Amino acid sequence: MRPHHLRLTAFGPFAGTVEADLDALAAGGLFLLQGPTGAGKTTLLDAICFALFGSVPGERGVRRLRSDHAEPGVRCEVALEVTVAGRRLRVTRAPAHERPKKRGSGTATDPGQLRVEELAGGRWTTWSTRPDEAGELLAALVGMSAEQFTQVVLLPQGDFARFLHAGATERGALLERLFGTARFAGVEEWLAERRTGLAEQVTRGSHGLAAVAARVAQEAGVEPPEHPDPAWYDATLADLDARRVLLEADAVAAAAAAEAAEEAHRTELARAERQVRRAEALGALEALTAGAEAAAEGRQLLGAARRAAPLLPLLQRADRTAAAVVTGAADPVALRTAADVARRRLGGLEGLVPQADRLGQLETAAAAASTARGAAARRVAELETEQQELPAQLAAAVAARDDADAAGRAVPA
């Protein structure tokens, strides 16, 4: 805030109109109001406070502001030109006072008046004449109440001591409003929140580092340090690297042993498969042996059939004799005798006919069985040779398996 011009009329000790060009006084920098007691120094400050807030400091009321030396018809008034919050204003304020009636005897009361004008574009424009509206505007632009203004700006008549003895809360609120320190309070609050947040992050980070150190110590099989540092992590990592090299060597040995055991397992599977084939071949050999016996029986039947072949003419003759009997051309007694003989022989021959058919089938089967028997005999010889080699191969596989088991147990989980 910067006052430019002040005009007083019938105000305080000044019966007439007094003007003070404050811009001219401030041209050289600071200026001093000096004069004897009662010269009106405080009145000038009261006039500024009255123009802005409608009140004056101290115990005096606004009804006592009119000069006792002024003529009855002269109205008490203060006009102040001031720049506040970047706006050039002219505030004209007059307190309420009693005056003689213009007609008759007695007095009448003139109400207080207030007019706020703003300089814009080189012209003064009336902004408001309502005391309540204009008072709110001025208080908002000045940024403090009348009491705060008198304590901070004017400090008249010992009020400076009262400001110094004011409570911390009151002074803090006043200074914060006066100098706009709310932003610093916001910064302070942000810094406090930031500090709290960072402290929480540090705490969480410390807990996280402790958890990591505990996990590393558990994996390394060592005791976790109370305050882990990079040197502890480096030493633990070096120890783990050395143990890793040893474990990798053990793993390579175990892998080789496992490969040997797998090879031995494959050998055992092949051996088991050969044993199954040997058992099948022995079964086939037994079947062929049984077929050879049936073939021998067939050959016997074939021989009998061959021996019965000469009787075929007798059968044919019997058929012809039977035909002659039917026509009556032959001797009955001789025919009966021949028929009996032929019947006996025919019974024997009829039993040989199925055997003759079976003999042909058996001869074919016997030839095939003889061929298969030769192949089976050769396969049996091969399997017997492999069977003789199985104990040595089995012993080698068992030894390889035991070595693999021992190597596996030596590798840590």
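Thr 43 is in contact (heavy atoms within 4.5 Å) with Leu 8, Phe 11, Gly 12, Pro 13 and Phe 14, leaving aside its neighbours within four places in sequence. The model is predicted: local features need pLDDT of at least 70, side-chain atom pairs count only at pLDDT 80 or more, and totals for chains, interfaces and linings use all residues. Residues are numbered from 1 along each chain as its sequence is written, and side-chain values use heavy atoms, without hydrogens and water.

**Thr 43 and its helix**
- Thr 43 sits in helix H2, residues 41-53. Helices are DSSP runs of H or I, at least four residues; strands are runs of E, at least two; both are numbered from the N terminus.
- Thr 43 counts as buried because its relative accessibility is 10%. Buried means under 20% relative accessible area (1.4 Å probe, protein chains only).
- H2 lies across S1, S2, S3 (77-84) and S4 (87-94), and runs at about 100° to S1. Axes are lines fitted to C-alpha atoms, for helices over the stretch in contact; angles run from 0 to 180 degrees between N-to-C directions.

**The sheet**
- Six strands form an open sheet in the order S2-S1-S3-S4-S7-S8, with antiparallel pairing. Two strands pair if DSSP finds at least two bridges between them.
- S2 (14-21) and S8 (123-128) are the edge strands, each pairing on one side only.
- From one strand to the next, the twist averages 20°.
- S1 (residues 2-11) and S2 run antiparallel, joined by six bridges.
- Thr 9 stands opposite Thr 17 in S2.

**Cysteines**
- Cys 49 counts as buried because its relative accessibility is 0%.
- Cys 76 counts as buried because its relative accessibility is 0%.
- The whole structure has zero disulfides, meaning pairs of cysteine sulfur atoms within 2.5 Å.

Definitions and conventions:
Buried means under 20% relative accessible area, exposed over 50%, partly exposed in between (1.4 Å probe, protein chains only).
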